[in-house]
Amino acid sequence: MTDRLPGFSTLAVHAGAQPDPTTGARATPIYQTTSFVFNDADHAASLFGLQAFGNIYTRIGNPTNAVLEERVAALEGGTAALVVASGHAAQVVVLQQLLKPGDEFIAARKLYGGSINQFTHAFKSFGWNVVWADTDDIGSFERAVTPHTKAIFTESIANPGGTVTDIEAIAAVARKAGVPLIVDNTLATPYLIRPIDHGADIVVHSLTKFLGGHGNSIGGVIVDAGTFDWSRDNKYPMLSEPRPEYHGIKIHETFGNFAFAIACRVLGLRDLGPALSPFNAFMILTGIETLPLRMQKHCDNAKAVAEYLAGHPAVASVNYAGLEGDKYHSVARKYCPKGAGAVFTFSLKGGFDAGVKLVSNLKLFSHLANVGDTRSLVIHPASTTHSQLDDAAKVKAGAGPDIVRLSIGIEDKEDLIADLEQALA
Amino acid sequence: MVRDARKGALLTMRGNIEHDRTSMNHDTYSDDYIRGILNSVKVIAMVGASPVDARPSYFAFKYLVQRGYDMIPVNPGHVGKTLLGRPFVASLGDIGRPFDMIDIFRSSAHIMPVVDEALTTAPLPKVIWMQLGARDDAAAAKAEAAGIKVVMNRCPKIEYGRLSSEISWMGVNSRTISAKRAPIPTQGMRLSLNRTSLGGAATTAADRAAKNKTESS
């Protein structure tokens, strides 16, 4: 007897979905309901006690959302997933399972500006202390490890700097420290990089970006790799110790290699509340069906635009790992041979003023604070997404005052280049 | 063992997993192997079944009852009581009727005596299943030499839920797909486990988890 392994595109269309048992509907229905009727009192008790598989209340789980969860888990090669209201919510829910007040986590300094803010300010008020490390210096991660370290966090492709992370090197540090490696895979998507294959224990995404892909729905997801032994010591009591809110169940003992995803659902999502709307889940699911097609087009377009800009006399530098000679080109060749993503930055010889002029001159690129849309987007990070950082931190995050960020869409590349040509003229 | 895990991964990459009794790989199991067991057994003796409703054995026992299996709780500490209406027995020898499978809810160190006792029963069970976290390769080899199929470090509730995709309600990757319309599950109903599998029980992550376990133990 044999088991056949379907390809990525097949999983992008099919994983998690099946014809609706009740109606035969082939597209995944939008179960726009708050609650689900129990068969009887025993069924209700079984569901509340985590003894049966099923639906209770959409804040905890929903059949439309479950399809999205299984699909992303399948594409990432994880054991399970949990969708939440946003990428930011995913980060809160993940760290709530891992950190207690006074604990630390190490994060790569080059991150989405919103994450830098969340880690620095919001999490500080929870007593979760971020310790920054430098992706270009793996030793800085090792040196940051203390007895209070509970996790290491990095982006696979960093926003906005075009940094491609050596995930395996950081995974080795995490393993030695006995803590899980969390990788934000938003800008790569599993089509380009599957962090679990390189040693990640937890993967998070903003589904808002390339996975949803159409700029119409906010969402986030947490993927459990099933690789971390939560009961090895007493470091992670949310998973290894009896939970009073569930009659003394130990989550890891009960749920094995998808315990982390369950903890995020029944301890995180249930109590913190950032549930994803089933309608958003439906929109994102529909987007994922075409992820392989879109992502390749995004990457091919991005490479063409980056090459054009690199040859333009008004451009000082282009930070795109897909370009030969780029600092991260060899790492990109190893981790994402199909393409280096579609978000990158460049700087103009004319500095800040030239950047502002470019943004206002562009006609096809939309000036807005998002990435991973079908449409091409442009923004000046220093005055927007990274504006709350001080100048030194902006430069360290790859968002200095002279930097312009592009998110390349799936239009015809000739039109994108023509728009840049007229705007730079 | 690490080398075995890698061998399992290579077989998976090729897309084919063959199981034969002489060189059973217990790091990974093909879905067909697990499916074959869950589709064929009817009577299951659960060694270490607990009446405490927060224990994993209670969860699994209740779920397997709901999915139509004839469950027998085995636990000498609870003789005289019942579990969901089924009387506890002290040992496998006290069951007094044939059973197809033993599901062992004991830690690895306590597996061998159960297997030894199982080998004295007549007729022999067809399957010995050890729960998540439990593994005893010597005990497995002994059982397999007697023609008994062995599963280690897995949960039948999770595997049944996975192969039927019922577990998908929890966001779990069932590693199966299907374009067929499934019947609506009701109480006591056996579900179809015959969905298309996505390449055995092995993923890169599962191989790595097995490797981590080996190296840290």
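How many salt bridges are counted between chain A and chain B? The count is two, a salt bridge being a side-chain nitrogen of Lys or Arg within 4 Å of a carboxyl oxygen of Asp or Glu. This is a predicted model, in which local features need pLDDT of at least 70 and side-chain atom pairs count only at pLDDT 80 or more, while totals for chains, interfaces and linings use all residues. Residues are numbered from 1 along each chain as its sequence is written, chains are lettered from A in the order in which they are written, and side-chain values use heavy atoms, without hydrogens and water.

**Interface between chains A and B**

- In chain A, 60 residues are in contact with 55 residues of chain B (heavy atoms within 4.5 Å).
- About 4700 Å² is buried between the two chains, with carbon and sulfur atoms giving 52% (accessible area, 1.4 Å probe, lost on being put together, summed over both parts).
- A salt bridge joins the side chains of E253(A) and R55(B), at 3.0 Å from N to O.
- Elements giving two or more residues to the side of chain A that touches chain B include α1 (8-14), α3 (63-76) and α10 (251-255) of chain A (helices are DSSP runs of H or I, at least four residues; strands are E, at least two; both numbered from the N terminus).
- The most comes from α3(A), with six residues.

**Chain B**

- Chain B has seven helices and nine strands.
- Of its 217 residues, 56% are buried (under 20% relative accessible area, 1.4 Å probe, protein chains only).
- Of the contacts in chain B between residues at least 6 apart in sequence, 63% join residues at least 24 apart.

Methods: Buried means under 20% relative accessible area, exposed over 50%, partly exposed in between (1.4 Å probe, protein chains only).
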